[in-house]
Amino acid sequence: MPRPRRTQISVEDTPFYHCCSRVVRRAFLCGDDSYSGKNYDHRRAWVESLLFELDAVFAIDVAAFAVMSNHLHVVLRVDIDRANRWTDREVLEQWHKLFKGDELTQKFAKGELIEPHQVLRLKHAIAIYRSRLCDISWFMRCLNEPIARQANQEDNCSGRFWEGRFKSQALLDEAAVLACMTYVDLNPIRAKMADTPEQSDHTSIQLRIRAALKGDQPSNLLPFIGNERDNQPNGIAFTLKDYLELVEDTGRIIRNDKRGAISENSANLLTRLNISHENWLKLTTEFGKLFHGPVGTLQELTDYCEHLEKRRRHFAKCCRYLNAG
């Protein structure tokens, strides 16, 4: 039986989460559909565009994404601190980019006078909106529902477009985050939709490579910030160069089936993560099959499950892939 989302999210343990949505109908989300004979590649741009619109509204950052033929992957980082820093008016301004709110919230956002007897109701609404703006369920709802409506309208049909619920899993440490991001970024290569990461359309890795060629990082993706230090901006605690090289090496191995072809720099990064070469290939090719719940070491998994009152052993058998050996 599916668990409520609130029993799967523990920002106390990690702000990083991997989410996946799959199409329920026989027709494809994107690409060539052999059943209908139609091509839906243009829908991939719908998803990517809306994803970045939501990134600018929510206190949630996109770390990685890949829009595939019949499913999509996103790796998200919840930024509770950003949501808490927003003033009441900023919360409403963000919320009103997606929803109308009501007459009272619109009135306050415009700077108009609020009657004393309305203050409590206004504060309650702001608290709800602030919570929703750092809620992964609301983020995915705002991503999936408009795409479903648009696709149904295009197909001149009604009913479900996505499976009942998106899948979500907590990424409990930097090894889990990096392995999942690499898995997501290499989806098109595993599916033989592209030969190289830079040719993988509608993926975060393609955007990162294009920006890197200009000596920059994409403004709409969570940045790599190198080794994490105090007072650094939020980001991924690795260098962009190291990550791009690791993805390139891993993609080449997957594409050419050359199990030893990894650079010294990538090998050093895996050593830092305490992951063996063999386990890394297992993680980045079978991540979705290996893990159906939270991802991390046994100790991190234990802490996470205790906080959410889960049964730890249900997920524990796959922990070995996140340790060298």
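**Salt bridges, sheet and cores**

K241 forms a salt bridge with E245, with 3.7 Å between the closest N and O atoms. The model is predicted. Both residues lie in helix α10, 4 residues apart, and are thus separated by about one helical turn. K241 is exposed, at a relative accessible area of 57%. E245 is partly exposed, at 22%.

Helix α10 holds another such pair. The side chains of R252 and D249 meet in a salt bridge at 3.2 Å, N to O. These residues are 3 apart in α10, again about one helical turn. An α-helix has 3.6 residues a turn, so residues three or four places apart point the same way. R252 is partly exposed, with 28% relative accessibility. D249 is buried, with 5%.

In total, the model contains 13 salt bridges. One of them links the side chains of R43 and E154, at 2.7 Å from N to O. R43 belongs to helix α1 and E154 to helix α6, so the pair ties together parts 111 residues apart in sequence. R43 is buried, at 0% relative accessibility. E154 is partly exposed, at 37%.

Helix α1 also lies across β4 and β5, running at about 175° to β4. These strands belong to an open, antiparallel sheet of 4 strands, ordered β4-β5-β1-β6. Strands β4 and β6 (167–170) stand at the edges with a single partner strand each, so one side of each lacks a neighbour in the sheet. From one strand to the next, the twist averages 20°. The antiparallel pairing of β4 with β5 (residues 71–78) spans 7 bridges. Within β5, R77 is the bridge partner of D61.

Helix α9 (residues 204–212) is mostly covered, with 7 of its 9 residues buried. The buried residues are S204, I205, Q206, L207, R208, I209 and A211. Their cover includes α1 (42–55), β4 (60–67), α7 (174–185) and α10 (240–256).

The largest nonpolar core comprises 55 residues. F58, F65, L76, I136, F139 and M140 have the most contacts inside this core. Helix α6 (residues 136–155) supplies the largest share, 9 residues. Beyond its neighbours within four places in sequence, F58 contacts R82, W86, L98, R132, L133, C134, D135, W138, F139 and C142. Another core, of 45 residues, lies apart from this one and includes L222, I275, L290 and V295.

Terms used. Residues numbered from 1 in each chain as written. Predicted model: local features only at pLDDT ≥ 70, side-chain atom pairs only at ≥ 80, totals over all residues. Heavy atoms only, no water. Buried < 20%, exposed > 50% of the residue type's maximum accessible area, 1.4 Å probe, protein only. Helix = DSSP H or I, 4+ residues; strand = E, 2+ residues; numbered from the N terminus. Contact = heavy atoms within 4.5 Å. Core = buried A, V, L, I, M, F, W, Y, C linked by side-chain atoms within 4.5 Å. Pairing = 2+ DSSP bridges. Axes fitted to C-alpha atoms, helices over the stretch in contact; angles between N-to-C directions. Salt bridge = Lys/Arg side-chain N within 4 Å of Asp/Glu carboxyl O.
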